[in-house]
Amino acid sequence: NLNYLKMADTWHIAIVCIATFYISVATILGTGILALPGALYKSGLWPFIVSFSPNLIIQSIVILYMVELLQKTLALQNQDVKSKVYNELTREKSDRVPLNQVGLLDDTSDEEESLDEIEGEGEEAGEVNPRQSDSDNEMIMTDENQNSKKEIKTLAKGPDLHSMGTYFLPGPIRILFDIVVMAQFISALVGYSLAGPESIIVLFDDGARDLVLKWLIMPFVIIFAFFVIFLYRYIQPVISFFTIVKTLLLIVMIIIGIVLSVTVNENYTNDWQYISRPFLLGTVAMGGVINTLPMIYSKMKQSKINNRLFAASAIGAVVYCWLMNVIWCWVVLKIVPQDTSDPNGSSLKQAYNDGNIATTPISHIINSNENFKKFKWLIHIMNIFVAFSIVVSYITMSAAFKHTLDGYVKHFNQMVASKNSIAHYLQRYGKKVGYIFQILLYVFSWASIAILAQAAPDGFELIMESFRSFGLNLESGVFISLMVGISMKYKIQIADPMNTKFLAISLFFVAGFFIFACLFDIVYTILRYSIKGGIPF
């Protein structure tokens, strides 16, 4: 029996690690890798690599931060559950018990402060206390809410971005964090909703693109929203399988692209003056993985080795995506000229200005030159990869979006169940009020995505670079760093805590990097649309 349990645990963590790697790859290798080469039309390859490489280090550290926060969030959620059970059994009026009574605080030292003592100090200093959260993310099925079990069975379990913000951010900042997270998800899904139907049309009949595109956006959003909501429990193996196919397609595409680049042998130039130009798209091309990690983490059994393997799998995905981005950009630069004086020619500058992905000029070059006709089947592989990449990334982000929305639903359910909440009066309208809120939230969220995508102008590069880069940098660096800093004030016992000295030192670099990225994004966007003739850097 012990051997059987050990084997089951081994298979479990192996499956979780595989899912973590491929779902992280699906998140990162979206439209970012497709649009990134266009931003190199001025800088060239080596300035891009220099400005792109810090993302590899910073994103890896952010993943470590996320694992730390996810462990602490799960510990506090478990404490909330144990507190409710304790209060039910003892009939106490308080909504919480000290964490050290339910085994979440390490009491090995007499000098260690309890959370209650820290709470008093935090109130004096104006700090937020996780225990004073107004959200309990796991409902206890007492007599009062036993009948709600059926209504919330579709809710995702475990930590989510909303609960993280609830525990580790003060009120106004928490609201801003929720707004940024929601806007980030919606902007990403709007971009995929624009690109997805177009990539599917190209597979069958490129000439009918403009005629059919406007009729495909709404069905595209509705069909995949239905799939994500009602088949959520099966979503991870599906994403992993299609990401494996997507990864194989990318590798084949790069290999064929290398062969084509040897034939074309286009020369590119490096201009260090424009090193900052691909910086913003680079943060998009390597970001976003923190949005999907809570969804995967919720299915993992807690242990020190499991947390480390989980973090290693996510970091491995970041390293793999960084390498694929660099190789792909080099291949494109060896095929497509950075700029051209030929009015009928294709260039990266033209693709960048028109908001097209890098496969567009490659296809034009192959079709316009008789010597490259033998590579025409590369166009079909690229089109299949683009469609696969966008659809898989759309499903992945939609699943993570649902996981986050479920955090709001669980928060709402707890507010209704709590006698101290303003929402408690909603119980008089029936026990299905939480289920109604869940439906309305889903409908409103995906309807907003469909309407915005339907009304959006052609091209999605502007959406990605102008807002997604700012939103990702604000979410990944500023808010996550702030949550890590606040969580360090509380002694919460977790399976695999990070070294406090490393946390303290790295926070300055990570927060500084992302604050710079946010400020640069604002300045760059203002200058881009105010200076005629382009920005000189």
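The tour starts with the whole chain and then goes stop by stop.

**Before you start**

This is a predicted model, in which local features need pLDDT of at least 70, side-chain atom pairs count only at pLDDT 80 or more, and totals for chains, interfaces and linings use all residues. Residues are numbered from 1 along each chain as its sequence is written, and side-chain values use heavy atoms, with hydrogens and water left out.

**Stop 1: the whole chain**

Show the cartoon. How many helices and strands does the chain have? There are 17 helices and zero strands. Both are DSSP runs numbered from the N terminus: helices are H or I with at least four residues, strands are E with at least two.

Now show the surface. It comes to about 23800 Å² of accessible area, and 64% of that belongs to carbon and sulfur atoms. The areas come from the Shrake-Rupley method with a 1.4 Å probe; for residues, only the protein chains shown count as cover. Of the 537 residues in the chain, 56% are buried. Buried means under 20% relative accessible area, exposed means over 50%, and partly exposed lies in between (1.4 Å probe, protein chains only).

Next, think about contacts, meaning heavy atoms within 4.5 Å. Among contacts in the chain with a separation of 6 or more, 83% join residues 24 or more positions apart.

**Stop 2: helix H5**

Select residues 161-168. This is helix H5, and eight of its eight residues are buried. Among them are His-162, Met-164 and Tyr-167. Asp-160 caps the N-terminal end of H5, with a side-chain oxygen 3.0 Å from the backbone nitrogen of His-162.

**Stop 3: Ser-261 in helix H8**

Select residues 235-264 for helix H8, then pick out Ser-261. Is Ser-261 buried or exposed? Ser-261 counts as buried, because its relative accessibility is 3%. Its side chain reaches the backbone oxygen of Ile-258 at 2.6 Å. Show the neighbours too. Leaving out residues up to four places away in sequence, Ser-261 touches Val-331, Lys-334 and Ile-335.

**Stop 4: Val-332 in helix H11**

Move to Val-332, which is found in helix H11. Val-332 has 0% relative accessibility, so it counts as buried. Which residues does Val-332 contact, leaving aside neighbours within four places in sequence? They are Pro-37, Leu-348, Ala-358 and Ile-362. Now draw a line to Gly-38. Val-332 and Gly-38 are 294 residues apart in sequence, yet 9.0 Å apart in space, C-alpha to C-alpha.

**Stop 5: aromatic rings**

Colour Phe, Tyr and Trp. The whole structure holds 23 aromatic pairs. Rings of Phe, Tyr and Trp (its six-membered ring) pair if their centres lie within 6.5 Å; planes under 30 degrees apart are stacked, over 60 edge-to-face, and the rest tilted.

Select Phe-242 and Phe-388. Their pair is tilted: 5.7 Å centre to centre, with 50 degrees between the planes. The pair links distant parts of the chain, 146 residues apart, with Phe-242 in helix H8 and Phe-388 in helix H14 (residues 376-417). Phe-242 is partly exposed at 32% relative accessible area, and Phe-388 is partly exposed at 24%.

Now select Tyr-297 and Phe-310. This pair is edge-to-face: 5.3 Å centre to centre, 70 degrees between the planes. Tyr-297 sits in helix H10 (residues 293-297) and Phe-310 in helix H11 (residues 304-335). Tyr-297 is buried at 1%, and Phe-310 is buried at 0%.

Then find one aromatic cluster: Phe-279, Phe-513, Phe-514, Phe-516, Phe-520 and Tyr-524.

**Stop 6: Lys-402 and Tyr-232**

Select both residues. The charged end of Lys-402 sits over the ring of Tyr-232, 4.2 Å from its centre. For this, NZ of Lys or CZ of Arg must be within 6 Å of the ring centre and within 35 degrees of the ring normal.

**Stop 7: Asp-406**

Asp-406 lies in helix H14. Asp-406 counts as buried because its relative accessibility is 0%. A polar contact of 2.3 Å joins the two side chains. A polar contact is a pair of N or O atoms within 3.5 Å; within protein, one must be able to donate a hydrogen and the other to accept it, and residues adjacent in sequence count only if both atoms are side-chain atoms.
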